[in-house]
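Here are my notes on the two-chain model you sent. Please read them beside the coordinates.

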Amino acid sequence: MENPANSDLERDAGLEKWMRRGGDGVPLGTVDWSGLHGRIMERAVRALERRRGGEVYWWTFVARWAPALAPLALAACAVLAIALGMSRGAVEGALLEDAMADVRDSQGLEQLLLVDWADADLLLWATVEPEGEGR
Amino acid sequence: MVDSEQPRDNARELAEDTACIERTKTGDAEAFGALVARHMRRAFAVSYRVMQHREDAEDLVQEAFIAALEAIDSFESGRPFGPWLHRIVVNRGLNARRAAKSRRAEPLDAEPASAASLPDEVVLLQEEHERLQQALAGLPDRQRMILELFELDGFTSREIAEMLGIPEGTVRWHVHQARKTLSGILVPREGKE
């Protein structure tokens with residue numbers, strides 16, 4: 001019985017022979033190589049001059065530095081966000097203390113109803129009753 | 001093999017290419033010229049297999065070298081330049097073929113001689129050539145290109161895989177399929193001879 005592997009090998013060898021005999025070779029002999037070289041170099045002149053002039057495209061710059069710059073930019077954003085959050089908390093705390101002290105000093109504080117922290121502007125509503133007027 | 005050039009995978013040639021590429025990055029025309037001279041024949045062979053037309057293949061080689069120059073900063077130094085360039089050739093060539101399918105393979109002979117005036121052996125060779133060309137034309141474009149690069153031009157399956165950006169196993173599968181298809185067309189008559 002015929003071994004299929006052998007018949008495959010025979011088939012491939014036969015085809016290889018066929019292709020080498022009847023296949024189109026690459027027409028290397030018909031190409032004017034120095035002309036082709038010259039045309040390529042002529043077109044390359046501008047790109048090479050740009051390189052000599054040190055002109056760098058922005059996308060080349062970004063592509064080259066993106067792997068290093070992206071984590072740095074993220075870290076910088078995180079630090080900035082934390083710093084802003086802390087300073088805002090400190091400012092608002094100080095403003096609240098000042099406001100409460102003012103109210104206490106001037107009229108006395110009976111009841112603090114609401115402190116709105118939603119904005120940088122501190123909104124403070126307080127119900128103030130004159131001293132001595134009990135419920 | 002496509003020409004007398006040896007495969008460019010030995011260490012000395014790799015080092016020379018790497019040096020040329022580094023100098024090209026600084027705008028050195030002489031270095032780029034050397035790179036072109038060294039790689040244009042093999043690039044042309046690949047280009048011809050994609051385009052099936054000599055002039056189109058020459059144009060494609062020019063385009064590919066200029067594209068390679070524009071993108072040379074992204075080329076990883078120390079790697080072989082040939083496969084990278086061939087990949088540019090193949091990608092651009094396939095795009096160009098998709099865009100314009102009008103120009104087809106040019107005939108080998110400008111004016112084919114009449115069969116009557118030729119010796120029997122030459123007539124047989126001509127018939128073989130025509131049958132093979134017809135059989136190849138029946139293959140899918142990509143499969144035909146892979147088979148020709150592999151069988152006629154001596155590229156390895158690994159080199160072809162790098163050019164096309166596909167696994168080496170896929171290249172071998174295409175070669176196997178193409179051989180199987182061709183054997184169905186060519187071998188029965190071969191057996192009769």
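1. Interface. Chain B puts 40 residues into the contact and chain A puts in 32. Two residues are in contact if their C-beta atoms, placed from the backbone, lie within 7 Å. On the side of chain B that touches chain A, at least two residues each come from α2 (29-51), α3 (54-70), α5 (120-137), α6 (141-151) and α8 (168-192). The most come from α2(B), with 10 residues. By class, this side of chain B holds 20 nonpolar, seven polar and 13 charged residues. Ala, Val, Leu, Ile, Met, Phe, Trp, Tyr, Cys and Pro count as nonpolar, Asp, Glu, Lys and Arg as charged, and the others, Gly among them, as polar.

2. Basis. This is a predicted model: local features need pLDDT of at least 70, side-chain atom pairs count only at pLDDT 80 or more, and totals for chains, interfaces and linings use all residues. Residues are numbered from 1 along each chain as its sequence is written, with chains lettered from A and ligands numbered from 1 in the order in which they are written.

3. Confidence. The scores are ipTM 0.72 and pTM 0.60. Chain B has a mean pLDDT of 81, with 78% of its residues at 70 or more. pLDDT is the predictor's confidence in each residue, from 0 to 100. Two stretches of chain B need care. Residues 1-8 of chain B stay under 50, and the model gives them 16 contacts beyond four places in sequence. Residues 107-113 of chain B also stay under 50, with two such contacts.

4. Elements. Chain A has three helices and two strands, in the order α-α-α-β-β. Chain B has eight helices and zero strands. Helices (H or I, at least four residues) and strands (E, at least two) are DSSP runs, numbered from the N terminus.

5. Burial. Of the 135 residues of chain A, 6% count as buried. For chain B, 33% of 193 residues do. Buried means 20 or more other C-beta atoms within 10 Å of the residue's own, with C-beta atoms placed from the backbone. In chain B, 70% of the contacts with a separation of 6 or more link residues 24 or more positions apart.

6. The axes of α2(A), residues 33-52, and α3(B) come within 10 Å and cross at roughly 30 degrees. That makes the two helices roughly parallel, a label for angles under 35 degrees. Axes are lines fitted to C-alpha atoms, for helices over the stretch in contact, and angles run from 0 to 180 degrees between N-to-C directions. The crossing is right-handed, meaning that the near helix is turned clockwise from the far one by less than a right angle. Among the residues in contact are L36(A), I40(A) and A47(A) from α2(A), and V61(B), F65(B) and L69(B) from α3(B). The contact divides into eight nonpolar, one polar and four charged residues.

7. Helix pair within chain B. α2(B) and α4(B), residues 81-99, have axes that come within 9 Å and cross at roughly 35 degrees. This crossing is right-handed. The contact includes L35(B), V46(B) and V50(B) of α2(B), and L85(B), V89(B) and L94(B) of α4(B). Its classes are 10 nonpolar, five polar and two charged residues.

8. One backbone point to check. Q52(B) is not a glycine, yet its phi is positive, about 60 degrees. Q52(B) sits in the loop between α2 and α3 of chain B. Is Q52(B) buried or exposed? Q52(B) is buried, with 22 other C-beta atoms within 10 Å.

Definitions and conventions. Parallel < 35°, antiparallel > 145°, perpendicular 65-115°, else oblique. Buried ≥ 20, exposed ≤ 12 C-beta atoms within 10 Å, placed from the backbone.
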